[in-house]
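Please work through the following exercises with the sequence and the model at hand.

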Amino acid sequence: MRNIAKQNYTLKETKEKRKPRIQFCGYSVNANSNQPVRLCKNDKGGLFFNGVANCGGYWRCPVCALKISENKKELLSGLIGAHQSKNLSIGFLTLTVRHSKFDTLKKSLEKISNNYRSFQNQRFFSRSKIDLGFMGQVKTLEITYSFENGWHPHLHILFFYNHSDGKKIEKFQKDFISRWFKYKDNDGTLGGQNQQILNSDVSNYLAKYDITSEMTKGQIKSTKGLTPFTALAKIASGDYADYMEKHRLYGVYSCYVEQTQGKHFVNISNSLRKEYAEFMEEFDKTDEEIVNNVTIEEVLLKVSLPIWKLICKNDLQPLVLIKYKENNLEGVYNLLKYFRDFNGLDVEIDKDDVPILTFGYCELPPDFYKPKILSTWKV
Ligand SMILES: [Zn+2]
């Protein structure tokens, strides 16, 4: 999926003749480093490569989006938990606007974000925040597409209250959504909006799980329509009827990348950031920090740079991880040996006692620990 995504340039990148960052994702090694790439295990048992660039493009890169959405899910889940533990309630709302099959994504996106901004300044809301016990909100943007109905951007919103009066909250939220769908050119339906209340019962784990998943995972695995990443997945797996459909799927992805540039996926209001400052400080990271923040529990295998370049050239990064999972070093060795590019592949043990894939001793720096050749290494 990432390889398909890499072919796409935004208009700006084309004009400036600039390579998109995603082209380096999972491929480039740190420019000043001669260090081998490391295949590592994290604290949850997952395998990954360390020492390789990550693009951090939430709207664009299926690999980074997965990491970022996972982090945001934990962040929201923690924020909800912190609020509930004070015996306070939270509202969950989904807001949509009417759109036609022929509306561009740009138009629908502008409509929903501009209308939501001005809607919040309306008297019924802006002047009654204190009465409502309204503390702040978290907002996420999700965009799906279908060939029948076109682009469907929608907002998922959490309202944080300083009380747990369910009746009062429900009355307000119902009023809120019935005003919203009639607001300006929203022209929506009541059925298109949704509201529910998450009370202070922390044991209701399922509700919290569902809500945080809906807020952060919709982009990746929506069942409601096509997301840019499900479009990429269809292209990558050949799940399309003909060339025309493939072309349209790529168009969906490409349009989405173009229109989401510079857009935040999660917005947390300043009042909440202040209220939960300690928590936010620890968990709120930039997308870049999220994708580069890894826990290395063990370095399992090193890959010298000449070998790494050939692995990338043959797009073998995911397969190397899979083969290691299946059959450790032997699995990886057998995989690479299958390709002519890896003629002369050797396994040595470095000074940290970790196996390293190389083209032999000569390619290693002079201060390198004189390797013990694995005598049992026969395939
Ligand atoms: Zn990436």
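The model is predicted, so local features need pLDDT of at least 70 and side-chain atom pairs count only at pLDDT 80 or more, while totals for chains, interfaces and linings use all residues. Residues are numbered from 1 along each chain as its sequence is written, and side-chain values use heavy atoms, with hydrogens and water left out.

**Exercise 1.** Determine whether Leu249 is buried or exposed.

Solution. Next, take the relative accessible area of Leu249, which is 1%. Buried means under 20%, exposed over 50% and partly exposed in between, with a 1.4 Å probe and protein chains only. Leu249 is therefore buried.

**Exercise 2.** Describe the open sheet of five strands.

Solution. Begin with the strand order, 6-3-5-4-7, with antiparallel pairing; two strands pair if DSSP finds at least two bridges between them. Then identify the edges: strand 6 (194-198) and strand 7 (266-268) each pair on one side only. Finally, examine strand 3 (residues 90-95), which is joined to strand 6 by five bridges in the antiparallel sense. Within strand 6, Gln195 is the bridge partner of Leu93.

**Exercise 3.** State which residues of helix 3 meet helix 8.

Solution. Contact means heavy atoms within 4.5 Å. On the helix 3 side, the residues are Leu66, Ser69, Glu70, Lys72, Lys73, Leu76, Ser77, Ile80, Gly81 and Gln84. Their counterparts in helix 8 include Tyr209 and Met215.

Note on methods. Helices (H or I, at least four residues) and strands (E, at least two) are DSSP runs, numbered from the N terminus.
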